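I opened this notebook to record what I looked up in one model, entry by entry. The entries below follow the order of my reading.

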Amino acid sequence: METTSSLPTPPPLPAGGPPTTSITTSNVRTWNILCHASALLGVFLHFPGHLLGPLIVWLAKRDDSPEIDAHGKESLNFQISMLIYNAVAAVFCLVLIGFVFLAILWVLNAVFVIVASIQASDGKFYRYPMTIRFIQ
């Protein structure tokens with residue numbers, strides 16, 4: 001007894017074999033933007049927020065593209081540098097001048113992160129000023 005299937009047959013695979021999954025240029029740009037813009041999470045979670053966002057994005061996506069790896073390292077290096085500058089400014093708060101430094105650092109951090117995010121959306125690499133390169 002011969003059985004016939006009423007299900008349609010799937011289309012044949014392309015000649016090169018099964019399709020490979022690759023990360024597209026728009027996805028790379030999106031992740032590059034997130035590497036920088038996720039540092040703005042620090043507005044809501046002051047101490048860990050500036051570091052957590054870029055760190056999570058970088059650790060999750062650094063193996064997908066060398067560009068994401070480079071943007072993530074740059075963002076993390078800047079945020080670690082800003083953490084050090086904030087710690088020094090906090091010490092200067094004992095002489096009251098540190099409060100001015102903290103305000104200036106907060107504004108600079110937000111401005112540089114926004115500029116880096118815009119540059120990443122244009123497909124450019126942004127080098128943050130005042131950055132100590134901890135992660136190579």
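Are Tyr-126 and Tyr-128 buried or exposed? I looked up both and found that Tyr-126 is buried, as is Tyr-128, where buried stands for under 20% relative accessible area, exposed for over 50% and partly exposed for what lies in between, with a 1.4 Å probe and protein chains only.

Before going further I noted that the model is predicted, that local features need pLDDT of at least 70 and side-chain atom pairs pLDDT 80 or more, while totals for chains, interfaces and linings use all residues. Residues are numbered from 1 along each chain as its sequence is written, and side-chain values use heavy atoms, with hydrogens and water left out.

**Aromatic pairs**

I searched the whole structure and noted four aromatic pairs; rings of Phe, Tyr and Trp (its six-membered ring) pair if their centres lie within 6.5 Å, with planes under 30 degrees apart counted as stacked, over 60 as edge-to-face and the rest as tilted. I then looked at Phe-78 and Tyr-128, which are stacked, at 4.2 Å centre to centre and with 10° between the planes. Because Phe-78 belongs to helix 3 and Tyr-128 to the segment after helix 4, this pair ties together parts 50 residues apart in sequence; helices are DSSP runs (H or I, at least four residues) numbered from the N terminus. Phe-78 has a relative accessible area of 0%, and Tyr-128 has one of 3%. Phe-78, Phe-112, Tyr-126 and Tyr-128 form one aromatic cluster.

**Helix 3 and helix 4**

I next took helix 3 (residues 66-92) and helix 4 (residues 98-121), which pack at an angle of about 170° with their axes 8 Å apart; the axes are lines fitted to C-alpha atoms over the stretch in contact, and angles run from 0 to 180 degrees between N-to-C directions. Helix 3 is therefore roughly antiparallel to helix 4, a term for angles over 145 degrees. The contact (heavy atoms within 4.5 Å) includes Phe-78, Met-82 and Tyr-85 of helix 3 and Phe-101, Leu-105 and Phe-112 of helix 4.

**Asn-77**

I also looked up Asn-77, which has its place in helix 3 and is buried, with a relative accessible area of 1%. Leaving aside neighbours within four places in sequence, I found Asn-77 in contact with Thr-131, Ile-132, Arg-133, Phe-134 and Ile-135.

Methods. Helices (H or I, at least four residues) and strands (E, at least two) are DSSP runs, numbered from the N terminus. Angles under 35 degrees count as roughly parallel, over 145 as roughly antiparallel, 65 to 115 as roughly perpendicular and the rest as oblique.
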